[in-house]
Amino acid sequence: MPISQPTVIRSRRVVLPDGERPADVLIRDGKIEQIAAHGSLLAGDRPDIEGGLTDLGETALLPGLVDTHVHVNEPGRTEWEGFATATRAAAAGGVTTIIDMPLNSIPPTTTVDGLAAKRKIAEGQAWVDLGFWGGAIPGNVADLEPLHREGVFGFKSFLAPSGVDEFPHVEPADLEAALAEQARIGALAIIHAEDPAVLEAAPQQPGVHYRDFLASRPADAETAAVARLLTALYKTGARRTGARVHILHVSSAAVLPLLRQARADGVRVTAETCPHYLTLAAEQVPDGDTAFKCCPPIRDESNRDALWEALANGEFIAVVSDHSPSTPDLKLLPAYGGSGDFAAAWGGIASLQLGLPAVWTEARRRGHTLADVVRWMSAGPAELVGLTGTKGAIAVGCDADLVAFDPDGEFAVHAAELHHRNPVTPYAGRTLTGAVRTTWLRGRAVDTAAEPFGRQLTRPAGPRPGGSSAPTTRPTRSEETP
Ligand SMILES: [Zn+2]
């Protein structure tokens, strides 16, 4: 229920689309109504707002994060995570919108019935706003348009096995059929890009050593998959039809030149990376600590530096969590009596509540600003899913989804104290910088002990979702850097 009385949030550090400055933010009926000079909104001309003021002092005010890559896993695998636990963790971590992935739940979101099952069970359980991705799997081309009409934000496909039987990966012919249909209906295709043939040919050495696991998921698997996807796009006439594709969780910087070339050739392709690829490195993973296992894997320090360089250059539209938790026993964690075998453990990182401080800790060390982090984790993902103008910015007319963030607040991560359902995260024991003090959703402070008031979102009508980094016109050869 939106508030009707206007309120003001004041901070010396309001992160606006054009940078950070002192400001007063006036909120009415859940939306940002005005952004005024710091200290100006309690003047005599606005007696209506007297009393409704929160002064954050030096604590920064950010737009709520938009996390377009979250595996909630409910219904079907609710013991891994669920709408209540995931959205509480999101709110506590400064994330005010999540888009749920179509797999790991049973049923998966590959049919209208599957979507309806998720929507029904999520009802009344969401502390933040919530949307849904659909899935494109072999044999469900006819389901894509009905799902699109129901408001999913796009369709995910895997080019290699997903890890769960009910969400099979696409072979080349399936992929081409799905891409052609998505181009026809104007949907965004989101792709898990690892190549199954490269994975099969890689050395398989089970055990507790992370380097063996890393060798089993080489960077070549990502580059080969992206190359295959781009071939399919050319074959299906992506440049003519304006198909939009987005590469999920890029872990290897080696794919970036392929994406640059494709964009130069007029293909509308964007990419994301994740906090764990930016803040963790293979060299630091202890033997048997399968909390660090994800696919594609966390790679070495030099690759991590290259990802940061690409991020700084605007080559990633978004940094999103890929929160994909499971139970400690499926992680085979030694602390829970498991074998610590990287090959057999569930692959997925739990980090929804920690993405903002994890990225800020490393971003600050590398000389980036809060405005950069907001661009990567709030405005960028909002743009990816077509929510610009509603989410992802402190701007007049946007939802008043806001975060009071202390950029200097340090805290030690204790996995059991997080709102995630299971106490497993690779950040356990680390000290992170940057503390979320309050999260507002549409103008109301979120209290995870009170009733939830998150809403279910559908893809906005109108222009297709897209990214500014995806040119719609083809540059001429002469415009490219030699
Ligand atoms: Zn994922």
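Helices (H or I, at least four residues) and strands (E, at least two) are DSSP runs, numbered from the N terminus. This is a predicted model, in which local features need pLDDT of at least 70, side-chain atom pairs count only at pLDDT 80 or more, and totals for chains, interfaces and linings use all residues. Residues are numbered from 1 along each chain as its sequence is written, and side-chain values use heavy atoms, with hydrogens and water left out.

**First stop: the zinc ion.** Select the zinc ion together with His69 (NE2), His71 (NE2) and Asp322 (OD), its protein donors, which lie 2.1 to 2.2 Å from it. Donors are N, O and S atoms within 2.8 Å of the metal (3.2 Å for Na, K and Ca); water is not among the atoms, so sites may look incomplete. His71 sits in the loop between β6 (65–70) and α1 (83–92), and Asp322 in the loop between β14 (318–319) and α12 (355–365), so this pair ties together parts 251 residues apart in sequence.

**Stay on Asp322.** Asp322 is not a glycine, yet has a positive phi of about 50°. Asp322 is also buried, with a relative accessible area of 9%. Buried means under 20% relative accessible area, exposed over 50%, and partly exposed in between (1.4 Å probe, protein chains only).

**Next: the loop between β6 and α1.** Pick Pro75, which lies in this loop; a cis peptide bond joins Glu74 and Pro75, with omega about 0°. Now click Asn73, in the loop between β6 and α1. Asn73 is buried, at 0% relative accessible area, and has a positive phi of about 75°.

**Last stop: Pro296.** Look in the loop between α10 (275–279) and α11 (301–312). There, a cis peptide bond joins Cys295 and Pro296, with omega about -5°.
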